[in-house]
Amino acid sequence: MSVGTEDLLKFYYYLLLTRGLEDRVIKLYRQGRILGGCYVGSGEEAISVGSACALEPRDVIAPTHRDLGAHLVKGVQPKEYMAQYLGRRTGLTRGKDGNVHFGDLSRHIIGFISPMADGIPVAAGAALAFKIRREPRIAVAYCGDGASSRGDFHEGLNLAAVLTLPIVFICHNNQYAYSVPLSRQMAVPHVADRAKAYGFPTRIIDGNDVLAVYEATTEAAARARSGGGPTFIECKTMRMRGHAEHDDASYVPRELLEEWRRKDPIQRFERTLREREVPEASMRAVQVRVLKEIEDAVDFAEKSPLPDAHEALEGVFAT
Amino acid sequence: MEEITYLEAIRQALWEEMDQDERVFLLGEDIGAYGGAFKITKGFLEKFGEERVIDTPLAESGFVGAAIGAALVGMRPVVEMQFADFISCAFDQIVNMAAKHHYRLREPVPMVIRAPYGGRLHAGPFHSQCPEAWFVHSPGLKVVAPSTPYDAKGLLKASIRDPNPVIYCEHKYLYRHAKGEVPSGEYVLPLGEADVKRQGSDITLITYGAMVQQGLEAADQMSAQGIEVELVDLRTLYPLDTETILASVKKTGKTLIVHEAPQVCGIGAEIAAVIAQEAFRHLDAPVMRLTAPHTPVPFSSPLEDFYLPNAAKIASKLKDLASY
């Protein structure tokens with residue numbers, strides 16, 4: 001698959017923006033400037049960015065808390081993300097929910113909620129609607145290795161299989177579910193081994209290679225869109241920080257982290273860009289743009305109003 | 001006006017809504033060729049096709065989740081729980097995903113979960129439960145529980161057209177034991193409005209679902225003894241029509257709340273608290289409750305008969321209240 005310089009720089013932009021925003025949020029967390037917990041996907045950016053870049057604008061995604069990149073590709077603005085973290089009215093939930101628990105159907109993002117794997121059958125339902133209405137759209141459901149132990153994972157995959165739904169499942173296998181390692185999550189080596197039981201194609205790919213994720217998602221999306229049904233893509237990666245920032249992840253062997261640090265998806269992609277002779281000046285321009293957008297986002301969020309207390313009572317029901 | 005069963009009223013509401021709105025579709029177990037465990041959807045597959053009458057795998061959380069997803073992108077799914085008892089398998093999707101979505105993101109989730117509930121059919125602890133209070137306690141859900149064919153039809157149509165997730169509790173005993181007149185033309189009843197099924201000046205009887213029939217029978221017995229009971233049929237459990245409840249209680253000064261679900265933290269507890277707070281000075285007697293005991297629903301006839309409120313037990317409580 002040939003990916004032109006423009007696309008390469010687009011991937012680079014979203015990878016850097018994702019990493020940069022999350023690094024900034026970690027700092028704000030340490031400074032006590034954000035509310036609540038802090039959940040990032042450091043080291044897993046290639047999965048959300050590579051997959052989301054392979055989709056059509058009207059395809060729907062159901063991301064997780066490790067998928068900021070997919071949100072950004074779908075059009076969430078850095079300032080909205082920061083405002084959400086700071087509990088501001090300008091955040092996507094107007095202060096009703098925190099951190100990465102947001103979505104926006106006008107940008108084709110189904111809001112994430114804390115019970116893992118709940119988004120899988122929900123995304124399948126969106127795909128079902130597209131199928132019923134004969135729209136050439138697909139859904140993409142994200143999950144982690146931990147979520148693959150929940151019933152909703154299996155119920156969602158099976159439903160998608162028997163109804164031949166236009167959906168792609170993307171799993172971040174980051175090897176830890178909070179403190180529980182993969183070996184205590186399942187007795188098979190790969191999450192894809194579980195998915196195989198449902199009778200549609202599965203793939204295991206290098207989740208730290210944005211081009212591999214892009215290529216695999218492009219292929220799976222084409223199959224889904226043409227009526228070929230679901231695909232499950234297991235992206236091997238590593239959770240490089242704690243479950244959230246309160247967690248020092250001391251239970252993860254240091255050597256394992258060192259090994260994966262050498263496979264950092266952004267450093268690897270920068271090497272790829274240089275191998276493909278993308279001009280240094282173009283890369284530098286992306287870096288400068290990203291830094292500015294992050295600082296503007298923090299500034300916007302901190303200047304945004306907090307919600308009024310009485311807004312706590314608003315919006316329980318649609319009218 | 002034609003007289004039809006409660007089951008037929010539900011069937012008609014579904015049929016008419018599907019016929020006039022292509023966004024409406026059905027999901028559930030055995031609802032296709034088999035026509036549903038209670039035959040509500042008999043003939044639907046032939047009329048509307050397998051894309052709109054979807055037999056799902058046995059996976060309640062999965063198909064409720066799918067209904068939520070379809071609702072989010074513009075469909076109007078109606079889910080059939082084969083029995084309300086199995087709704088607990090989908091509890092997380094209902095209370096965490098569907099119920100909270102609009103509050104968080106201001107995006108509507110227009111969907112209905114039909115929940116065939118209730119006892120008196122000797123169906124035991126897993127096919128007789130009344131789960132409605134679980135959902136009334138979860139902000140973001142509407143909960144409907146009609147007692148007559150007329151209400152069942154008009155309220156199901158309103159539930160399907162509502163932009164929020166609605167738990168529609170349809171009482172299994174009433175399917176073939178409740179008959180009534182239903183207009184031949186189109187009508188929709190508003191959610192959130194109780195209905196005074198019988199006027200009276202001495203005691204207010206507040207109930208819903210299958211206990212309405214039993215309550216009306218008890219009220220007739222009381223009338224023969226010169227006690228006039230006013231029966232308030234809640235019809236919608238959330239939002240609760242406190243206006244109608246309080247107006248009746250202020251008129252009679254005595255209240256009996258009856259439900260088939262267990263007493264502790266049930267709908268009756270909430271209503272009693274509202275009355276105590278808002279109508280205390282109008283009360284001539286303590287607010288009484290008659291409900292199921294705090295046990296699972298038992299199977300064998302003497303056990304289930306003991307467990308369930310009925311007309312005789314209601315009449316006995318009404319007598320106590322009348323002489324208070």
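Modeller: Chain B averages a pLDDT of 98, and 100% of the residues score at least 70, pLDDT being the predictor's confidence in each residue, from 0 to 100. This is a predicted model, in which local features need pLDDT of at least 70, side-chain atom pairs count only at pLDDT 80 or more, and totals for chains, interfaces and linings use all residues. Residues are numbered from 1 along each chain as its sequence is written, while chains are lettered from A and ligands numbered from 1 in the order in which they are written. For the complex, the predictor gives an ipTM of 0.97 and a pTM of 0.97.

The contact between the chains takes 31 residues from chain A and 34 residues from chain B (C-beta atoms, placed from the backbone, within 7 Å). On the chain A side, the elements giving two or more residues are helix 5 (119–132) and helix 6 (151–162); helices are DSSP runs of H or I, at least four residues, numbered from the N terminus. Helix 5 of chain A gives the most, with nine residues.

Within chain A, the axes of helix 5 and helix 6 come within 8 Å and cross at roughly 20° (lines fitted to C-alpha atoms over the stretch in contact, with angles from 0 to 180 degrees between N-to-C directions). The two helices of chain A are therefore roughly parallel, a term for angles under 35 degrees. Residues making this contact include A:Ala124 and A:Ala127 of helix 5 and A:Phe153 and A:Leu157 of helix 6.

Methods:
Contact = placed C-beta atoms within 7 Å. Parallel < 35°, antiparallel > 145°, perpendicular 65-115°, else oblique.
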